[in-house]
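Notes follow in the order I looked things up.

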Amino acid sequence: MNKKRKISPSILSADFSALGAAVRQVEEGGADWIHVDVMDGHFVPNITIGPLVVKAVRKVTKLPLDVHLMIEKPERYIDVFAAAGSDYLTVQAEACVHLHRVLQSIRQAGMKAGVALNPHTPLCAIEEVLGDLDLILIMSVNPGFGGQQFIPASLDKLKRLRALLGERGLTHIDIEVDGGVKLDNARKIADAGAEVLVAGSAIFDTPDPSFAVQEMKKVLA
């Protein structure tokens with residue numbers, strides 16, 4: 001099953017003084033989704049944004065909002081992120097004691113359910129819930145901060161995940177990668193199995209984010 005590869009620019013690297021304009025720029029460049037990194041200062045050392053920002057972004061774009069919760073006890077916030085306009089809600093496997101229940105709750109709230117795996121977390125951690133997933137996010141850096149270097153071992157993890165989903169007949173599940181995605185490694189990451197590439201600094205730390213999206217999409221074509 002060949003699916004169109006998607007670019008999901010991470011607003012973590014955008015200029016928050018002009019966030020609406022930044023989102024519109026990448027949308028004009030052909031971005032497929034908008035990625036929102038939510039951090040609580042507990043699960044990860046950084047603190048970022050919450051549902052109010054998701055709600056604000058929802059007002060300026062019709063693109064799917066790809067919200068990644070890097071927080072403790074994410075089940076407490078499912079309904080508020082649904083109300084804010086999230087389309088995809090991804091939780092960290094390591095943060096969920098009852099992962100199956102959390103994924104069910106996400107879907108019941110009307111969103112697509114995703115799970116993220118930190119670099120050290122094996123694929124077997126989610127084998128029992130594959131049937132409850134719409135998205136699997138492979139973290140190719142340790143979460144918490146933007147601008148980190150891609151961890152090369154993530155490529156093998158991607159290949160093994162793609163093979164696993166193929167064996168199970170679950171190729172409808174999107175495989176996403178976040179961390180250190182750049183113009184010079186995007187093709188290699190996609191060839192390893194990624195269908196959705198999250199890019200933050202590689203897009204927003206450039207003079208023209210719209211053009212940066214266009215260039216990355218050319219690489220993936």
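I looked up Glu 215 and found that it forms a salt bridge with Lys 218, the closest N and O atoms being 3.2 Å apart. I took a salt bridge as a side-chain nitrogen of Lys or Arg within 4 Å of a carboxyl oxygen of Asp or Glu. Glu 215 and Lys 218 are three residues apart in helix 8 (residues 209–220), about one turn of the helix. Helices (H or I, at least four residues) and strands (E, at least two) are DSSP runs, numbered from the N terminus.

I then checked exposure, with buried meaning under 20% relative accessible area, exposed over 50%, and partly exposed in between (1.4 Å probe, protein chains only). Glu 215 is partly exposed at 23%, and Lys 218 is exposed at 58%.

The model is predicted: I note that local features need pLDDT of at least 70 and side-chain atom pairs pLDDT 80 or more, while totals for chains, interfaces and linings use all residues. Residues are numbered from 1 along each chain as its sequence is written, and side-chain values use heavy atoms, with hydrogens and water left out.

Next I went to helix 5 (residues 154–168), where Asp 156 and Arg 160 are four residues apart, so about one helical turn separates them. Their side chains meet in a salt bridge at 2.8 Å, N to O. Asp 156 is partly exposed at 42% relative accessibility, and Arg 160 is partly exposed at 44%.

In helix 6 (residues 186–191) I found Arg 187 and Asp 191, also four residues apart and about one helical turn from each other. Their salt bridge has an N to O distance of 3.3 Å. Arg 187 is partly exposed at 33%, and Asp 191 is partly exposed at 49%.

How many salt bridges does the rule give? I get a count of 13. I also noted a network of salt bridges that links Lys 3, Lys 6, Arg 162, Asp 174 and Glu 195.

I turned to strand 2 (residues 34–39), where six of six residues are buried. Ile 34, Val 36 and Val 38 point one way from the strand, and His 35, Asp 37 and Met 39 point the other way.

Which way does strand 3 (residues 65–70) run against strand 2? The two are parallel and joined by six bridges; pairing requires that DSSP finds at least two bridges between the strands. I located Asp 37 opposite His 68 of strand 3.

Last, I recorded that strand 2, helix 2 (residues 51–58) and strand 3 make a right-handed β-α-β unit. Right-handed here means that, with the strands pointing away from the viewer, the path from the first strand over the helix to the second runs clockwise.
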